[in-house]
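Me: I have a structure open and I want to learn how to read it. Can we go through it feature by feature?

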Amino acid sequence: LFAGHIDIFKSYNLPVVYFCHSFIEEKLEFNPQDVTLLSLEYLAQQELFEKSTLIIFLTHFHRNKFINKYPLLAFKSRVVYPGIDFYSYNHLKRKKKILYVGRFSDEKGVYDLACAFRRFSLIFKDFELIMVGAQEDSLYLLKIKEVLNGASYKIIPWVKDRDRLLEYYKEASLFVAPSYYETFNFALMDAISCGVPVLVSD
């Protein structure tokens with residue numbers, strides 16, 4: 001799948017380090033409609049598991065989850081907690097905005113968040129839901145928009161510019177992480193570093 005690049009690196013005794021962010025098998029369970037694309041990702045992840053010199057996980061929770069499925073990973077994996085540049089977080093501009101940043105999928109709890117905010121907005125009409133990370137023109141996105149019809153919200157495609165992304169955090173009065181399987185991700189760390197109160201699923 002990697003056109004032999006990993007094997008070339010290894011033939012020169014170069015280490016191959018894989019930063020593992022998500023479990024593709026779980027994505028397949030939650031998003032069966034994307035089976036063609038995710039099947040390729042699954043094959044790529046299997047190759048990385050097999051051929052990587054070192055695999056890095058964000059949390060012990062994630063590492064243990066993978067080891068339960070693939071016991072041999074215990075011998076070539078480590079947990080490295082991500083760092084944050086605190087100098088980026090200043091000049092906060094709190095507004096009545098509730099923020100979500102991440103992939104749009106069921107395992108991330110995005111649909112549940114949309115349903116909850118729709119009910120919330122019936123009482124607190126001056127709040128706005130900001131959702132960053134949408135895949136444009138997907139069926140899942142249409143489902144989210146249907147639920148939020150009548151509420152105040154903005155859905156924004158993934159933001160690659162870090163300074164622009166930080167502006168959303170600085171304006172938020174609450175950050176929500178409704179994921180079904182993550183305990184602590186980059187977006188949550190960004191929110192905490194900005195001093196934004198966070199609401200996290202258990």
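**A covered strand**

Reply: Start with strand S4, which is mostly covered: 5 of its 5 residues are buried. Buried means under 20% relative accessible area, exposed means over 50%, and partly exposed lies in between (1.4 Å probe, protein chains only). Strands (E, at least two residues) and helices (H or I, at least four) are DSSP runs, numbered from the N terminus. Keep in mind that this is a predicted model: local features need pLDDT of at least 70, side-chain atom pairs count only at pLDDT 80 or more, and totals for chains, interfaces and linings use all residues. Residues are numbered from 1 along each chain as its sequence is written, and side-chain values use heavy atoms, with hydrogens and water left out.

Me: Which residues of S4 are buried on each side?

Reply: In a regular strand the side chains alternate between the two faces of the sheet. In S4, Lys97, Leu99 and Val101 are buried on one side. Ile98 and Tyr100 are buried on the other.

Me: In what order do the strands around S4 form their sheet?

Reply: Strands of a sheet pair through backbone hydrogen bonds, either parallel or antiparallel. DSSP must find at least two bridges between two strands for them to pair. Here 5 strands form an open sheet in the order S6-S5-S4-S7-S8, with parallel pairing. Strand S6 (153–157) and strand S8 (198–200) stand at the edges, each with a single partner strand, so one side of each has no neighbour in the sheet. From one strand to the next, the twist averages 20 degrees. Axes are lines fitted to C-alpha atoms, for helices over the stretch in contact, and angles run from 0 to 180 degrees between N-to-C directions.

Me: How many bridges join S4 and S5?

Reply: S4 (residues 97–101) and S5 (residues 128–134) pair in the parallel sense over 5 bridges. Isoleucine 98 has leucine 129 of S5 as its bridge partner. Valine 101 is partnered by valine 132 of S5.

**Helices**

Me: How do I describe two packed helices?

Reply: Two packed helices are described by the angle between their axes and the distance between the axes. Take H5 (residues 110–121) and H6 (residues 139–147): their axes come within 9 Å and cross at roughly 15 degrees. H5 and H6 are therefore roughly parallel to each other. The cut-offs are these: under 35 degrees is roughly parallel, over 145 roughly antiparallel, 65 to 115 roughly perpendicular, and the rest oblique.

Me: Which residues of H5 and H6 make the contact?

Reply: Contact means heavy atoms within 4.5 Å. H5 brings Val110, Tyr111, Ala114, Cys115 and Arg118. H6 brings Tyr140, Lys143, Ile144 and Val147. By class, the contact has 7 nonpolar, no polar and 2 charged residues. Nonpolar covers Ala, Val, Leu, Ile, Met, Phe, Trp, Tyr, Cys and Pro; charged covers Asp, Glu, Lys and Arg; the others, Gly among them, are polar.

Me: Is helix H8 mostly covered or mostly open, and what covers its buried residues?

Reply: H8 (residues 186–193) is mostly covered, with 6 of its 8 residues buried. They are Ala187, Leu188, Met189, Asp190, Ala191 and Ser193. Their cover includes S4, H7, S7 and S8. Just after H8, glycine 195 takes a positive phi of about 80 degrees.

Me: Where does helix H4 lie?

Reply: Look at the other sheet. Its 3 strands are in the order S1-S2-S3, with parallel pairing. S1 and S2 (residues 54–57) pair over 4 bridges, and phenylalanine 19 stands opposite isoleucine 56 in S2. H4 (residues 60–69) lies across S1, S2 and S3, running at about 155 degrees to S3.

Me: Which residues does phenylalanine 184 touch?

Reply: Phenylalanine 184 is in the loop between S7 and H8. At 37% relative accessibility, phenylalanine 184 counts as partly exposed. Leaving out residues up to four places away in sequence, phenylalanine 184 touches Thr59, Met189 and Ile192. Phenylalanine 184 and histidine 62 are 122 residues apart in sequence and 9.9 Å apart in space, C-alpha to C-alpha.

Me: Is asparagine 13 buried or exposed?

Reply: Asparagine 13 is exposed, with a relative accessible area of 73%. This asparagine is found in the loop between H1 (5–11) and S1 (17–20). Asparagine 13 has a positive phi of about 60 degrees, although it is not a glycine.
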